[in-house]
Amino acid sequence: MDVAEQTQIVGRIRTDLEALQGTRMKLKANMGRSKIIEREGVLEQTHPALFVVKVDEKRNRTARVSYSYVDVLTGTVELTHPDSGDHVLPWLN
């Protein structure tokens with residue numbers, strides 16, 4: 001896959017996520033060194049290079065985490081529907 005294809009795919013990921021703002025999703029992020037974080041939250045914002053998810057924490061607290069669209073492209077971050085477990089961007093897999 002060359003750079004032009006990667007750029008096009010990242011653009012499509014961004015466009016698809018923009019349309020899903022306000023949607024609840026499950027987030028699975030590989031943080032390296034066998035550390036995997038799984039959380040549920042709402043896609044809050046999209047920006048030119050990254051997106052922000054408002055995630056549920058313990059004791060009714062929330063936090064905001066951001067990831068780049070490239071993280072989704074490389075599989076470092078997986079986004080799925082919380083109930084069905086289906087991928088939010090099925091065309092990417």
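## Two exposed loop residues

Asn60 is exposed, at 81% relative accessible area (exposed means over 50%, buried under 20% and partly exposed in between, with a 1.4 Å probe and protein chains only). This residue lies in the loop between strand E3 (50-56) and strand E4 (62-68). Helices (H or I, at least four residues) and strands (E, at least two) are DSSP runs, numbered from the N terminus. Although Asn60 is not a glycine, it has a positive phi of about 60°.

Arg33 also has a positive phi, of about 50°, without being a glycine. Its place is the loop between strand E1 (24-30) and strand E2 (36-46). With 86% relative accessibility, Arg33 counts as exposed.

## Basis of the model

The structure is a predicted model, in which local features need pLDDT of at least 70 and side-chain atom pairs count only at pLDDT 80 or more, while totals for chains, interfaces and linings use all residues. Residues are numbered from 1 along each chain as its sequence is written, and side-chain values use heavy atoms, with hydrogens and water left out.

## Strand E1 and its partners

E1 pairs with E2 in the antiparallel sense over seven bridges; two strands pair if DSSP finds at least two bridges between them. Together E1 and E2 form a hairpin with five residues between them, and Gly32 in the turn has a positive phi of about 85°. E1 also runs antiparallel to E5, to which four bridges join it.

Ala29 stands opposite Ile37 in E2 and opposite Val77 in E5. Ala29 belongs to the covered face of E1, together with Met25 and Leu27. The uncovered face consists of Arg24, Lys26, Lys28 and Asn30.

## The nonpolar core

The largest nonpolar core has 18 residues. Such a core is a set of buried Ala, Val, Leu, Ile, Met, Phe, Trp, Tyr and Cys residues joined through side-chain atoms within 4.5 Å. Among the residues with the most contacts inside this core are Leu17, Leu27, Phe51 and Tyr67. Helix H1 (3-19), E1, E3, E4, helix H2 (69-74) and strand E5 (77-80) each supply at least two of the core residues.

Apart from its neighbours within four places in sequence, Leu27 is in contact with residues including Ile37, Val55, Val65, Tyr67, Val77 and Leu79. Contact here means heavy atoms within 4.5 Å.

## Thr80 in strand E5

Thr80 is located in strand E5. At 13% relative accessible area, Thr80 is buried. Neighbours within four places in sequence aside, Thr80 is in contact with Met25, Lys26, Gly85, Asp86, His87 and Val88.
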